[in-house]
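Keep the sequence and the 3D view side by side as you read.

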Amino acid sequence: MPGISGRMSTIVKAKISKLLDRAEDPSETLEYSYQKQIELLQNVKKGIADVVTSKKRLQLQEEQLKGQVVKLDTQARQALAAGQEDLARTALERKNVAQTELQSLDTQIAQLEQQQEQLTASEQKLRAKIEQFRSRKEVIKAQYSAAEAQVRISEAATGVGEEMADVGLAMQRALDKTENMKARAEAVQELEAAGTFEDLTQLGSGEDDIDRQLKQLSSSNEVDAELEKMKAELGSGSPPAAGELEAGASQPSASEGQAS
Amino acid sequence: MIVRIATEGQYELQGDDEQALNELDNEAVLACQGTDEQRFRATYDRMLDFVRTHGRLVADDELATSDLILPPPDTTLEEARAEFTGEGLIPG
């Protein structure tokens, strides 16, 4: 069967025989294989720890962003209640960007969760195989002649070797994905560092670079719609639906609601 | 015959199933030569499902060598193509 699987099988077998060729006599092969297996098991543990760390980092970022979303929403309402529509719009644009980031963080956290589970399952499987190999190793060393041992070692070592190659592959793929996410998380952190989600009270009057970028990033339709909705909520005639509003809502002013 | 789905596990297939798998494999190879990601996805998923449903899952403490190894389930068309030309899915 020369198809997809055939090619893959060849690669794995080549890797295993390369691994086994490093040792010459049978018992050396056994010990060398076992040592390699234990090393890999340690690496898998490290890989899982890396995934967990990345996940925690993203979760922390998610918490922070959620806080910013709430804050920017409140500020938009307050700005609008005070008749500062431009400021309210800026706050909503920032909120919009933060929400988009939140969505992508959600997806990434779910992916990492899945990878963590997969790697943990792989680790358990590899551990069971290594244990099997260890007991077989002792039997081979004790009972077989050199020629026979050679055959049996090769069988056992290839079985574990394949599992090792497979776990190695799973780890490589998980780490590649984690790397991509790290790059993305760092980009979000840069946005934060540049003040994108900053408190609006620290905002200067003029439109800066960030504001221009924000306008491109955020969907202006969504921002417009949200602004209109907020105006309606704050305006006269509408019921005081904005219960979550803090300072700004407690002093509603009909005339300000219709500003510009 | 023992078939491994890379990053997932090993399954033992019986004689009749081997032929059917071979046909699915040929389809996957054809899909690899095209540029239709969805077609590749569908074909490859069928092949994986076939192995999962027809095969017996090899126990964790069995030291068996696979006769065949299928690329990981999340393999993209691009990776599957590289599989035939470049270094393959396993780096190094």
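**From chain A to one helix of chain B**

Along its sequence, chain A runs α-α-α-α-α-α-α-α. That gives eight helices and zero strands. Helices (H or I, at least four residues) and strands (E, at least two) are DSSP runs, numbered from the N terminus.

The model is predicted: local features need pLDDT of at least 70, side-chain atom pairs count only at pLDDT 80 or more, and totals for chains, interfaces and linings use all residues. Residues are numbered from 1 along each chain as its sequence is written, chains are lettered from A and ligands numbered from 1 in the order in which they are written, and side-chain values use heavy atoms, with hydrogens and water left out.

Chain A has 260 residues, and 44% of them count as buried. Buried means under 20% relative accessible area, exposed over 50%, partly exposed in between (1.4 Å probe, protein chains only). Take the contacts in chain A (heavy atoms within 4.5 Å) with a separation of 6 or more: 84% of them join residues 24 or more positions apart.

Now turn to chain B. Helix α2 of chain B covers residues 37-54, 18 residues in total. From first C-alpha to last, α2(B) reaches 26 Å, close to the 26 Å expected at 1.5 Å a residue. The expected span is 1.5 Å times one less than the number of residues.

Which residues of α2(B) are buried? They are Phe40(B), Thr43(B), Tyr44(B), Met47(B), Leu48(B), Phe50(B) and Val51(B). These residues lie on the same side of α2(B) because they cover an arc of only 150° around the axis. The arc is that of the directions from the helix axis to the C-beta atoms. The face turned away from this buried side carries exposed Gln38(B) and Thr53(B).
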